[in-house]
Amino acid sequence: MLELRREIENLARACGGVVSVSVRNIYNAFDFALNDDVRLGSASTIKVPILVEALRQVRDGRLSLETEYRISRDQCRPGSGVLTHLHEGIAVTLRDLLTLMIITSDNTATNMVIDIVGMENVNSMLCGFGYAGTTLMRKMYDWEALSQGKDNWIVAREMTDLLVKIARDEAVEGELDKLILSIMRNQLYSDELGLLLLEGVLANKTGRVNNVVHDCGVVTTPGFCYAIAVFTADAPVAGEAKVAIGRISKLVYDAVSAGKSC
Amino acid sequence: MQDMRPEIERMAAELGGTVSVAVRDIRNAFDFSFHEDAKLWSASTIKIAVLVEAVRQLSEGKVALDTEFVLDDNNRTPGSGVLRFMHGGMKLTFHDVIVLMIITSDNLATNILIDFLTPESITATMRGFGYSGTEVQRRIFDYEAMDRGLYNWIAAGEIADLCRRIYTKTAVGGEWDELALKIMGWNLDKERLRLLLPEEARIANKPGEQENTMHDGGLVWNDDFAYSICVATHGWQSRSDAFMTIARISRLVYDAVSETCGCDHA
């Protein structure tokens, strides 16, 4: 296990900038931490807590997955996603919005979901789970809020803790936790943690803004299961950070497969 | 200009299988060809040909951008994309369908388009450009047609040429090629050709992947130069090696073009 740590440290050094790694056992795996308590700009990984809060409100009967919403042009935000490129007035259900927010990292869908669930409710949920670092303070592409110092933050160990809760049906507390993983499994962006993994084992959510490159998710095989977050900031070449995340993910996967304990 | 060929030969040999590379000069670049005539399974790169036929039929008034298509709950093509996860009865426009086919590689959107445009028309348009390799024989994930030996095909040289036509507005012409280029620029999957390029590079592309086949084709440009490129690979053992090989070849070409035009972007 010292060897795994050394190899991950080498990859982190080669990547440059900040590299934060958290692995949490779900079954037949192990816990691993490297710089896992540093608070970083979340980029799109904050969309996982937003999804959790939306489904908690569905569970409580405050929202329905089948409610339809129309997308107006002034709600559209650029960056990742598809809604901003589709016809004005397109009708989508809450389930569609949540799916697009995760699988295409749709910023328009995300901002609509934030309005629907309430930013403060996402933060109370995070607080209730005891997460001191992870916070949603602004919508996607809200430069005005950003200039006022409001940003979205994430901590690798808090993210993997949330993912463990999801995998154990303890985040939404019930069947809807399974919906979270099934949405994340349909992810279109799976070339970071998933770069070197077999198809079908990963349910994930990436985050990318300039030289911030993050990915987090749950890896499930018939033999083992674990949550993993690899977050990077300020790597000189963003493409290299992606590959570093892919390599770290593969090292962890191989060590878990080999049954090494940490 | 440094000669890229030995380096590309080395990378191709290391990856194994077939590696095709085609570059077409548009502005201050050069043409380059490496096994570019090899006819390969298209994977999703065929969607560039479907896009061109879609804008061609738009240009002829056979369909309009706001023509409505309703998502059929009984029709859920597997594989990439988003439409198969959306609610049945969702109302889409023709524009939405072509956008989703390209930017999320949506297979369901592609099949809606192949049914509407017809495989014969798409192939005929490619033949009209003088392409003997690029061909649509069936819908995506049509197992019954696959059993009958029907596949979709591309050749890297033809895809690079088609992309050059889109950029230079000589595929369908005018606003229609501009629309095609704009949509390719919105592509969410900017990994392979884009991965190792410097920030100032602009790209519009369409990758494709199935089994041991991985391609990426599109346009690369900046203030100083423009070129189209297709890197097509087939028959390799390692997916991640194919991924990185396409990325490295793309960077090699970018650096060579930078050097040729006397602008150091490396």
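How many helices and strands are there in chain B? In this predicted model, the count comes to nine helices and nine strands. Chain B has a radius of gyration of 18 Å, close to the 18 Å that the globule rule gives for 266 residues, so it's as compact as a globular protein of that length. Laid out along its principal axes, the C-alpha trace spans about 55 × 40 × 35 Å.

What about the inside of the chain? Buried residues account for 52% of the 266 residues in chain B. The contacts also reach along the sequence: taking those between residues at least 6 apart, 65% join residues at least 24 apart.

Now for the sheet. Five strands of chain B build an open sheet, and reading across it gives the order S2-S1-S9-S8-S7, with antiparallel pairing. The edges are taken by strand S2 (32–34) and strand S7 (202–210) of chain B, each of which pairs on one side only. On average, neighbouring strands in this sheet are turned by 10° against each other, if direction is ignored.

One residue to look for here is B:Val21, whose bridge partner in S2(B) is B:Phe34.

Note on methods
Residues are numbered from 1 along each chain as its sequence is written. Chains are lettered from A and ligands numbered from 1 in the order in which they are written. This is a predicted model: local features need pLDDT of at least 70, side-chain atom pairs count only at pLDDT 80 or more; totals for chains, interfaces and linings use all residues. Two strands pair if DSSP finds at least two bridges between them. Helices (H or I, at least four residues) and strands (E, at least two) are DSSP runs, numbered from the N terminus. Axes are lines fitted to C-alpha atoms, for helices over the stretch in contact, and angles run from 0 to 180 degrees between N-to-C directions. The radius of gyration is taken over C-alpha atoms; the globule rule is 2.2 Å times the number of residues to the power 0.38. A residue is buried if 20 or more other C-beta atoms lie within 10 Å of its own, exposed if 12 or fewer, and partly exposed in between; C-beta atoms are placed from the backbone. Two residues are in contact if their C-beta atoms, placed from the backbone, lie within 7 Å.
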